[in-house]
Amino acid sequence: MELGKPKTEAYLRLFAILTLVLTACLLGLDSQTKPVYFLEKHVTYKYLKALLVLVYVDAVAAAYNLIQLGRCYFLASSKGNFKGSYRYMAWGSYLLDQIAVYITFATTSAALEHSILVVTGADKLQWMKWCNKFTRFCFQAGGALLCGYLAAILMAFISFISAFNLFRLYSPKLLLHLKTTS
């Protein structure tokens with residue numbers, strides 16, 4: 001597979017969509033109920049706001065990659081019949097891919113930081129250690145965070161391909177001068 005081909009980008013986007021959806025489903029369906037001091041305590045991802053934001057961000061990123069997957073199919077089927085507008089599409093794709101990668105990575109990192117507080121607890125803030133009592137919840141959230149980082153890595157590779165597709169339109173001799181199309 002060649003780097004600039006839409007087929008490589010399409011496969012990476014498909015794998016990114018799958019891992020983003022898996023992350024959102026693992027977190028969105030994660031809940032556990034246990035008796036704690038004569039009460040039934042129910043824990044869900046909604047109690048940790050960083051996990052809630054991660055579910056929404058991953059769902060939006062999966063939808064964005066699905067739209068871009070349609071663009072890859074369109075590029076593969078058109079055989080390059082629209083060279084003039086491709087430059088603007090390449091810039092838009094590059095910038096949106098950068099934004100998607102950074103936001104996905106940032107929200108996954110914020111959710112990881114919040115989850116570490118759940119594992120260790122914070123005595124000064126009177127936060128109890130959830131993972132001592134809700135182990136299945138914590139293991140499922142940890143698996144979701146691993147999938148989130150895998151999705152961010154896949155999207156970083158997609159961003160590299162977008163950068164390659166954009167900057168190959170410009171001449172290597174003079175910085176940012178357009179090549180003439182013939």
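Start with the whole chain in view: among contacts (heavy atoms within 4.5 Å) between residues at least 6 apart in sequence, 74% join residues at least 24 apart. Before you click on anything, know that this is a predicted model, where local features need pLDDT of at least 70, side-chain atom pairs count only at pLDDT 80 or more, and totals for chains, interfaces and linings use all residues. Residues are numbered from 1 along each chain as its sequence is written, and side-chain values use heavy atoms, with hydrogens and water left out.

**The overall layout**

Switch to a cartoon view. You'll find four helices and two strands, in the order α-β-β-α-α-α from the N terminus on. Helices (H or I, at least four residues) and strands (E, at least two) are DSSP runs, numbered from the N terminus. Of the 182 residues, 42% count as buried; buried means under 20% relative accessible area, exposed over 50%, and partly exposed in between (1.4 Å probe, protein chains only). Accessible areas come from the Shrake-Rupley method with a 1.4 Å probe, and for residues only the protein chains shown count as cover.

**Stop one: a charged network**

Select Glu9, Arg13, Arg71 and Asp97, which are linked in a network of salt bridges. A salt bridge here is a side-chain nitrogen of Lys or Arg within 4 Å of a carboxyl oxygen of Asp or Glu, and by this rule the count comes to three.

Zoom in on Arg13 and Glu9, whose closest N and O atoms are 2.9 Å apart. They sit four residues apart in helix α1, so about one helical turn separates them. Are they buried or exposed? Arg13 is buried at 0% relative accessibility, and Glu9 is buried too, at 2%.

Now move to Arg71, which forms a salt bridge with Glu9 at 2.5 Å between the closest N and O atoms. Arg71 lies in helix α2 (residues 49-78) and Glu9 in helix α1, so this pair ties together parts that are 62 residues apart in sequence. Arg71 is buried, with a relative accessible area of 12%.

Finish with Asp97 and Arg13, with closest N and O atoms 2.8 Å apart. Asp97 belongs to helix α3 (residues 83-120) and Arg13 to helix α1, so the pair joins parts 84 residues apart in sequence. Asp97 counts as buried, at 3%.

**Stop two: aromatic rings**

Next, show the rings. Those of Phe, Tyr and Trp (its six-membered ring) pair if their centres lie within 6.5 Å; planes under 30 degrees apart count as stacked, over 60 as edge-to-face and the rest as tilted. That gives five aromatic pairs. One of them is Phe105 with Tyr149, edge-to-face at 5.7 Å centre to centre and 65° between the planes. This pair links distant parts of the chain, with Phe105 in helix α3 and Tyr149 in helix α4 (residues 135-167), 44 residues apart. Phe105 is partly exposed at 42%, and Tyr149 is partly exposed at 21%.

For one more ring stop, select Trp91, Tyr94 and Phe167, which form one aromatic cluster.

Bring the surface back and pick Tyr11, Leu14, Phe15 and Leu18, which make a nonpolar patch of about 400 Å². Patches are made of residues with over 30% relative accessible area and no salt bridge: like charges are joined within 9 Å, nonpolar side chains (Val, Leu, Ile, Met, Phe, Trp, Tyr) within 5 Å.
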